[in-house]
There are 2 protein chains.
Amino acid sequence: MAGRTGRALRRGDGRVQRKGPGRVTLHDVAAEAGVSKSTASRVLDERMPRSDSDTALRVRQAAAALGYVRDASAASLRRGRTMTVGVIVPRLTDTVMAMLYEELALAASRAGMFVVVATTGDTPQADRAAAERLLNRGVDGLILATAREGDEFPSMLEDEGVKFVLALRTDGESPSSVADDRLGGYLATRHLLDLGHRRIGLIAGPAYASSARGRVEGYRQAMEEADTPVDPDWVVESSFGIESGTEAAGRLIGLHPRPTAIFAVNDNTAIGALSALTRSGLSVPGDMSLVGYNDIPIVSHLPTPLTTVHIPFDRIADAAINLLGDDFPEEDDLMRVAMPTLIPRRSTAGP
Amino acid sequence: MAGRTGRALRRGDGRVQRKGPGRVTLHDVAAEAGVSKSTASRVLDERMPRSDSDTALRVRQAAAALGYVRDASAASLRRGRTMTVGVIVPRLTDTVMAMLYEELALAASRAGMFVVVATTGDTPQADRAAAERLLNRGVDGLILATAREGDEFPSMLEDEGVKFVLALRTDGESPSSVADDRLGGYLATRHLLDLGHRRIGLIAGPAYASSARGRVEGYRQAMEEADTPVDPDWVVESSFGIESGTEAAGRLIGLHPRPTAIFAVNDNTAIGALSALTRSGLSVPGDMSLVGYNDIPIVSHLPTPLTTVHIPFDRIADAAINLLGDDFPEEDDLMRVAMPTLIPRRSTAGP
DNA sequence: AACGATTGTGGGAACGTTCCCATTTCAGTC
DNA sequence: GACTGAAATGGGAACGTTCCCACAATCGTT
């Protein structure tokens, strides 16, 4: 049997064609190992417990010798699943989303899966089109970081029988992997309160995102605990973008009396706020303390490193992938919540 | 024939199964339209010129009515190509790479393709593993933004018969889509010279990247044209990271006489430099002018908006996709070069 | 009217895998 | 050594497409 050293067309340098007629197929491996393709297929099936029988060894060795790699399309066609997960995020140029995506890629890889991403530009209905593209491409499930309050898209997916998990933002019903935004908001606000601040402005983010709403709740809770009534003017709605932070901070700066600290819904708006403050001639933390959220890499390298709330994106990613893989989740266990941590830096001090 | 309205198991609400036994297949469409599956396949083949014949119309209508979507795995298996392109970037949390990727996704979509991304963390040999993963996944070609001077990986790919294009960075030999870094470096430096600066520091980036080297050349060319000898101390090597910019700027600040302006190889290092400057109590542009490179969104929103060089990532992405799709490129036309533009903002002024 | 050239059609064999099912092999027991 | 049940094996039919080929229909030309 050893005489028939693979009919695969090996190139002069010993390398093997990846595509086309010379491709090494399971059939070649089986022939080389002297077994049927059924057996070869079974041995090479990564989902089975790994056997160390004589045949298994021979097959694996033959596969390695010939440089066999399974044809993903053929396997997917037969299996009915692609082992691929689609990820939908507003935009990758938002570092938070890039971080989430990189961790999702890692987590998926650990679970023997693969992720592909599509962006929506945060346009309200664009997630439909993105999901469509991904689904047509054959993904087994979806991870959405684009959930909006009151949006019926998740239930539409549910109806269509599409497996999906919400990440970072939740609708309170669908399977979700999020961070404890309420706690994060609480920690940030509590930190400012502990430093002695009482007039604390809030750049609140958009109401459509549960993440933003949670942080606002945490803020209110901390303020209430400290018996500090919240002046409605202190809470300014915004988007997640830098400019929006600048604008919101401008609003807060104009108040009389002016707040002595600002908690921004994310690092982007905090950076925007920083611009507004600097342009108004206010120093951080001298004239105004500032807390961000997410701990994106840049904020620790700013002239004044930013106090912020760190989010364990790796945990969130792991949980999201697991939730997606879980075929029969417990009805009461489809919400995974990761814990945020406050990272004090130079942008906060006493008033 | 019209009586046989699809054996596809339609759900009560009129929706159609995406997977499993109830799936609408080409066979169903053919039956519904009263033609053979060969004909249906031809009509629905997006690569053919679109016909408006009677049958074509009937087939398309049947497909729409049944909610048919082609099974990507089956098509890929038979066609031998997946219409998918793999993109390899150092990291997506680098906004430059995120921008490139988003534009690549757009350009690919325009060409009827799909992109998937893998990251290397800029680890020297990690691109091998990333390429392997992508290739095993069945991508038709690769776009690499990780090229390193003197690396033999491109020629290895060439040997293996893998189609690929380098983006942003080139090795001078392989098909590449880049921006004119020399020109960009020239424009930035010339801008500073025109403002009256003579002692111009350079945060040079890593020598392994052609992009960085090109910008350095542009710098030297501009300086030479202005009859301004370059003090070797003015040129500080760095990485592309923020911290590295801080460190390099620290070096430049310590010089006697101190440069009056700094040109940083990218916006990240410019932001790092900004930190160093601010911490040293130097104002921008009062005490020191600063120019970045790439025009990532954040730099226009900094307290002092950064003068930078804008790169048309959309053009670069288009060219990369086209280059990859071009099966028989002219030997002398495998290098596409996009033009950068200087964007003057507040971070530069006379010395 | 006859001819070749062009266009459109359907049958059926691939593509490379997985998985059902029938068969063989093997270890263990009486 | 015959008998059982479990475990391992191979044959072959899928999976849903595309594409080759043979044939039919249509066209324009002489």
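I started with B:D295, which counts as buried because it has 24 C-beta neighbours inside 10 Å. For my own reference, buried is 20 or more other C-beta atoms within 10 Å of the residue's own, exposed is 12 or fewer, partly exposed is in between, and the C-beta atoms are placed from the backbone.

Note on the source: this is a predicted model, where local features need pLDDT of at least 70, side-chain atom pairs count only at pLDDT 80 or more, and totals for chains, interfaces and linings use all residues. Residues are numbered from 1 along each chain as its sequence is written, while chains are lettered from A and ligands numbered from 1 in the order in which they are written.

Back to B:D295: I looked up its phi and got a positive value of about 60°, though the residue is not a glycine. B:D295 sits in the loop between β9 and β10 (308–310) of chain B. Helices (H or I, at least four residues) and strands (E, at least two) are DSSP runs here, numbered from the N terminus.

Next I checked B:L168, another non-glycine with positive phi, near 70°. I found B:L168 in the loop between β4 (163–167) and β5 (176–179) of chain B. B:L168 has 26 C-beta neighbours inside 10 Å, so I logged it as buried.

Then the cis peptide bonds. In chain A, one joins A:H256 and A:P257, with omega about -5°. A:P257 lies in the loop between α10 (242–253) and β8 (261–264).

B:P285 belongs to the loop between α11 (267–279) and β9 (289–291).
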